[in-house]
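Reader: I want to learn how to read a fold from its contacts and angles. Can we walk through an example together?

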Amino acid sequence: MKKKQQFYLKSKHILVLMTLLCVSMIAAAFSAGFSTQGMREMAGTVVIPFEKAINTIGGFLVEVQKDFEDKQALQDENEKLKEKIETLTTENNALIQQQGELARLKELYELDQEYSQYPKVMAKIISKDPGNWYNTFIIDKGTADGIQKDANVLAGTGLVGIVTEASSHWSTVRAIIDDSSNVSAMTTSSSDTCVIEGDLQLIDEGKLRFSQLYDEEDKIQVGERMITSNISDKFLEGIFVGYISEITFDDNNLTKAGTIVSPVDFRHLREVLVITTLKQNLGTGNTADEQTQEGEPEPDEE
Amino acid sequence: MKSKIMLLVMIVSCFFLQCTLFKSISLASITPNLLLILCVSMGLMRGKKSGIFVGFFSGLLIDVFYGTLPGFYALLYMYIGYLSGFFYKIYYDNTLRVPAAMVAVGDLFYGLAVYGLQFLLRSRLNFGFYLMRIIIPELLVTVIWTVILYRFFYQINHRFQDTDRKERNTIWLVK
């Protein structure tokens with residue numbers, strides 16, 4: 001008790017001290033790339049097992065909730081499906097038009113290699129960002145399973161996100177719909193590069209924003225497939241991101257912007273695939289492949 | 001000591017409930033801010049110091065697992081806890097109006113701070129959208145959960161209150 005009396009501090013002073021601590025952490029993160037890796041490992045051993053268990057219960061509740069889904073939900077789904085049909089029709093038209101061109105280009109770019117060749121690990125999503133501003137989540141696999149920082153994350157057919165932090169048995173993934181996410185992408189038909197950004201304002205519609213698409217001859221149409229570009233330094237080339245659903249001009253009236261529909265249902269995502277090959281490592285053994293393509297070097301991720 | 005451990009356990013439970021269960025039962029993808037409810041209620045029930053303590057560790061958990069900037073959420077939650085500590089003792093009972101109002105103010109502050117420091121600075125200028133889509137719904141949902149959870153927090157806090165703390169409270173009253 002006596003000891004406590006000696007170190008008695010007023011709450012204002014504690015506040016000032018703690019504020020300094022926080023500010024110095026922020027400053028350290030900015031200047032020296034200070035990371036919370038050590039704390040992550042420690043805190044994770046306590047929290048992660050609980051999260052895994054709780055998540056199972058959460059999953060069960062979702063199932064129950066699904067059973068109660070009524071007419072309204074079905075109507076909504078119907079509407080969504082109709083919308084999907086429209087997008088698919090447009091896309092189909094565009095595809096038919098460009099089939100010949102595509103076949104030729106595919107040969108040229110060897111896109112058939114796509115991403116089936118990369119080794120993948122399946123992981124479960126065990127918890128999501130506690131706030132409502134960002135779209136990050138934690139998966140139950142980490143460096144022990146071969147996942148590293150900057151590994152690409154897929155679900156079904158499309159790109160989901162990128163691993164931002166990897167610990168031994170879990171990793172944090174930032175989704176591409178996250179407001180702070182940027183992906184360097186290109187169109188399949190003409191290999192014009194652009195930047196795909198997540199946007200909180202478009203999340204409800206399940207869309208992403210793209211910008212800085214250089215398309216002087218107006219070749220790119222709604223329904224065009226977007227894939228990750230060859231000049232991205234973090235995303236492996238040729239991963240499907242989504243279809244263009246809207247095209248307008250950028251503010252500079254030279255390049256184009258618009259929205260993209262992703263094939264991934266981010267809200268109901270439970271399992272994801274993580275590619276264990278990194279783009280950085282790929283570059284060292286396989287540079288010739290990338291040099292065959294020309295593209296305007298656009299501002300890249302982050 | 002017992003109450004410190006109780007606080008830590010509550011922080012961690014609120015954190016993983018918010019990340020898992022409340023994420024999967026969220027309406028319109030809005031999750032209540034349980035950690036904020038905890039900070040505000042502990043600030044109200046136990047004073048500024050506990051507010052700082054709870055706020056700091058809740059924020060730190062978010063920073064460690066989800067934050068891009070270590071220390072940001074710790075700072076934010078800490079101030080919310082500290083500010084709610086100003087109302088310590090004045091409204092120390094288990095009526096719900098004051099905690100609910102405090103949580104509303106705290107959550108508004110939280111929302112505005114996140115928007116101002118992380119979105120506005122990246123030139124996301126459409127404030128009206130973010131206010132109506134994120135800040136206000138989150139505020140409402142969080143207040144509703146305060147009504148449900150405050151009594152529960154109150155009971156737990158009452159049960160685990162230290163004897164030395166009780167002593168200090170009496171000294172406080174004499175002053």
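This is a predicted model: local features need pLDDT of at least 70, side-chain atom pairs count only at pLDDT 80 or more; totals for chains, interfaces and linings use all residues.

Reader: Start with chain A. How many helices and strands does chain A have?

Author: Chain A has six helices and 12 strands. Of its 302 residues, 34% are buried. Take contacts in chain A between residues at least 6 apart in sequence: 62% of them join residues at least 24 apart.

Reader: Which strands of chain A close into a barrel, and in what order?

Author: First the general idea. Strands of a sheet pair through backbone hydrogen bonds, and the pairing is either parallel or antiparallel. Now the case here. Six strands of chain A form the barrel, in the order β6-β7-β8-β11-β10-β9, with antiparallel pairing. On average, neighbouring strands of this sheet are turned by 40 degrees against each other, direction ignored.

Reader: Let me zoom in on β8(A). How many bridges join β8(A) to β11 of chain A?

Author: Five bridges, and the two strands run antiparallel. β11 covers residues 256–261 of chain A. R209(A) stands opposite T259(A) in β11(A).

Reader: And how many bridges pair β7 with β8 in chain A?

Author: Three bridges, again in the antiparallel sense. β7 spans residues 193–197 of chain A, and β8 spans residues 207–213. V195(A) is opposite S211(A) in β8(A), and I196(A) is opposite F210(A) in β8(A).

Reader: Why is β8(A) called largely enclosed?

Author: Count its buried residues. Five of the seven residues of β8(A) are buried, so the rest of the structure largely encloses this strand.

Reader: Now the helices. At what angle do α6 and α7 of chain B pack?

Author: About 150 degrees, with the axes 9 Å apart. α6 covers residues 97–119 of chain B, and α7 covers residues 127–160 of chain B. An angle over 145 degrees counts as roughly antiparallel. Therefore α6(B) and α7(B) are roughly antiparallel to each other. Their crossing is right-handed.

Reader: Which residues in α6(B) and α7(B) meet?

Author: From α6(B), the list includes V103(B), D107(B), L108(B) and F119(B). From α7(B), it includes I134(B), E138(B), L139(B) and Y150(B). By class, this contact of α6(B) with α7(B) has 14 nonpolar, three polar and two charged residues.

Reader: How do α5(B) and α6(B) cross?

Author: Their axes come within 10 Å and cross at roughly 155 degrees. That makes α5(B) roughly antiparallel to α6(B). The crossing is right-handed. L76(B), I80(B) and S84(B) in α5(B) meet M102(B), G106(B), F109(B), Y110(B) and A113(B) in α6(B). These residues divide into six nonpolar, two polar and no charged.

Reader: Last, the interface. How many residues of chain B are in contact with chain A?

Author: 40 residues of chain B are in contact with 38 residues of chain A. Next, ask which elements contribute. Those of chain B that give two or more residues are α1, α2, α4, α5, α6 and α7.

Reader: Which element gives the most to that side of chain B?

Author: α4(B), with nine residues. By class, the side of chain B that touches chain A has 27 nonpolar, eight polar and five charged residues.

How values were computed
Residues are numbered from 1 along each chain as its sequence is written. Chains are lettered from A and ligands numbered from 1 in the order in which they are written. Axes are lines fitted to C-alpha atoms, for helices over the stretch in contact, and angles run from 0 to 180 degrees between N-to-C directions. Helices (H or I, at least four residues) and strands (E, at least two) are DSSP runs, numbered from the N terminus. Angles under 35 degrees count as roughly parallel, over 145 as roughly antiparallel, 65 to 115 as roughly perpendicular and the rest as oblique. A crossing is left-handed if the near helix is turned anticlockwise from the far one by less than a right angle, and right-handed if clockwise. Two residues are in contact if their C-beta atoms, placed from the backbone, lie within 7 Å. Ala, Val, Leu, Ile, Met, Phe, Trp, Tyr, Cys and Pro count as nonpolar, Asp, Glu, Lys and Arg as charged, and the others, Gly among them, as polar. Two strands pair if DSSP finds at least two bridges between them. A residue is buried if 20 or more other C-beta atoms lie within 10 Å of its own, exposed if 12 or fewer, and partly exposed in between; C-beta atoms are placed from the backbone.
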